[in-house]
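Please look through the structure shown here together with its sequence. The paragraphs that follow walk through it part by part, beginning with a pair of helices.

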Amino acid sequence: MGSRNHHLCLGLLLFFLLLAECLGAEGRLAHKLFRDLFTNYTSALRPVADTDQTLNVTLEVTLSQIIDMDERNQVLTLYLWIRQEWTDAYLQWDPDAYGGLDAIRIPSSLVWRPDIVLYNKADTQPPASASTNVVVRHDGAVRWDAPAITRSSCRVDVSAFPFDAQRCGLTFGSWTHGGHQLDVRPRGASASLADFVENVEWRVLGMPARRRVLTYGCCSEPYPDVTFTLLLRRRAAAYVCNLLLPCVLISLLAPLAFHLPADSGEKVSLGVTVLLALTVFQLILAESMPPAESVPLIGKYYMATMTMVTFSTALTILIMNLHYCGPSARPVPAWARALLLGHLARGLCVRERGEPCGQSRPPKSSPSPLPLTGPPAGPCREPWCLCHQEALLHHVATIVSTFRSHRAAQRRHEDWKRLARVMDRFFLGVFFSMTLVMSLLVLIQAL
């Protein structure tokens, strides 16, 4: 048993010695390959065998995270993984000559790298090269993977806020090499979203890639570039709950001012309170929006609602003036009697107390006081006849005339009060319908 354990330990020791020798040999071969490759190598020139040859660079972008969308300054900050691949004619070797070693990883600062930059960069800091290694294969293929935090300019259109969609382009290209020296092409039809971390405010719809060849005024040769267009749609749930729904609920209170009794004294106060509440929400919205020529959708809704509340408050004041017309007011015009107190009151079910709905009686015209007939002509033979009491008859006629005038003034006052109720009921339906339609049109945009 002891002899068997001794042989087992001896075998394990020989195995580890051979493994260490093999790894040491591989390390020595890698050092030898590195010395052979970089003895006369320079990273200052394009690695092509012929200076007229175009060097092809393949660009691949992986979107990892949306860090920030600064809408006021129109700057988009992203975290990207950028992969560049090209062929270096001076970094090639025979794997059999180096123990089957077909790839090495070396610092990227030792090899030539394409000067591909972000054209629409919005950062004041100079571009810093990521200190990552490159993978060099025996056939000269070089792959450089580097993370990058980019700040790019993006034209933000807030006309449909908070249901807006944005298109932000990231244009990559060589800064000094023209199309005849360096050609850049995208790998695939779009950027990769496999490792994307979901954003709480924006939903990514895609990031297609497009290659362009442009000629600038400074140079005659063409310059190819690759543009990755990030398609974003805003998640509007938070804005609907915090900004839109409060405005809708407050705006629905404004037409209820027409339903309040005029004697309550709160009709105008309700309209002014609603207007102040909408103004506060408008100021909160203006602080979060960038200055732009186009007014956001929610801003248009706020302005339309505030305008409607202003008009409803003004109409409430006019209707209250009709309600408080005194006994000395003129009678209701004939057209208003026929149209408003007749047909419109019957249609809106505005009725007097005890009167069934839909059977509004036509308003009665104010009766004119009838003159009292004087005493009959000729002498009266009855000694106790009232015709002999001229003073008493005069006082009775005055009392009757005053009573009839008071009744006529009261009827005129009741007609104006009823006209005010009809106008209240009519504008209640009009403004409530307008508010409901506007709110539904805005909320439909969220679906």
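In this predicted model, the axes of helix α3 (residues 267-288) and α4 come within 9 Å and cross at roughly 165°; axes here are lines fitted to C-alpha atoms, for helices over the stretch in contact, and angles run from 0 to 180 degrees between N-to-C directions. That angle makes α3 roughly antiparallel to α4, because angles over 145 degrees count as roughly antiparallel, those under 35 as roughly parallel, those from 65 to 115 as roughly perpendicular and the rest as oblique. Helices (H or I, at least four residues) and strands (E, at least two) are DSSP runs, numbered from the N terminus. The crossing of α3 and α4 is left-handed, a term used if the near helix is turned anticlockwise from the far one by less than a right angle, with right-handed used if clockwise. Among the residues that meet, Val268, Val272, Leu275 and Leu278 belong to α3, while Tyr302, Thr305, Val309 and Ile317 belong to α4, where contact means heavy atoms within 4.5 Å. The residues of this contact of α3 with α4 divide into 13 nonpolar, eight polar and one charged (Ala, Val, Leu, Ile, Met, Phe, Trp, Tyr, Cys and Pro count as nonpolar, Asp, Glu, Lys and Arg as charged, and the others, Gly among them, as polar).

Helix α4 (residues 297-323) also has helix α2 (residues 237-253) beside it, with axes that come within 11 Å and cross at roughly 15°. That makes α2 roughly parallel to α4, and α2 passes α4 in a left-handed crossing. On the α2 side the contact is made by Leu243, Leu244, Cys247, Val248 and Ser251, and on the α4 side by Ile298, Tyr301, Tyr302, Thr305 and Met308. By class, the contact of α2 with α4 has eight nonpolar, two polar and no charged residues.

Turning to the strands, an open sheet of six has the order β3-β5-β6-β2-β1-β8, with mixed pairing; two strands pair if DSSP finds at least two bridges between them. Its edge strands are β3 (103-107) and β8 (182-186), each of which pairs on one side only, and the twist averages 30° from one strand to the next. Strands β3 and β5 (residues 133-137) run antiparallel and are joined by five bridges; in β5, proline 107 has asparagine 133 as its bridge partner, and arginine 105 has valine 135. Valine 135 in turn has arginine 143 as its bridge partner in β6, where β5 and strand β6 (residues 141-153) pair in the antiparallel sense over three bridges. These two strands, β5 and β6, form a hairpin with three residues between them, and glycine 140 in the turn has a positive phi of about 95°.

Most residues other than glycine have a negative phi, and most peptide bonds are trans. Glutamine 74, which is not a glycine, has a positive phi of about 55° and lies in the loop between β1 (55-70) and β2 (75-87). A cis peptide bond, with omega of about 5°, joins phenylalanine 161 and proline 162, and proline 162 is placed in the loop between β6 and β7 (165-174).

The mean pLDDT of the protein is 80, and 78% of its residues reach 70 or more; pLDDT is the predictor's confidence in each residue, from 0 to 100. Over residues 13-24 pLDDT stays under 50, and the model has one contact beyond four places in sequence for them, while residues 365-372, where pLDDT also stays under 50, have seven such contacts. Where pLDDT is low, the predicted coordinates should not be read in detail.

Residues are numbered from 1 along each chain as its sequence is written, and side-chain values use heavy atoms, with hydrogens and water left out. As this is a predicted model, local features need pLDDT of at least 70 and side-chain atom pairs count only at pLDDT 80 or more, whereas totals for chains, interfaces and linings use all residues.
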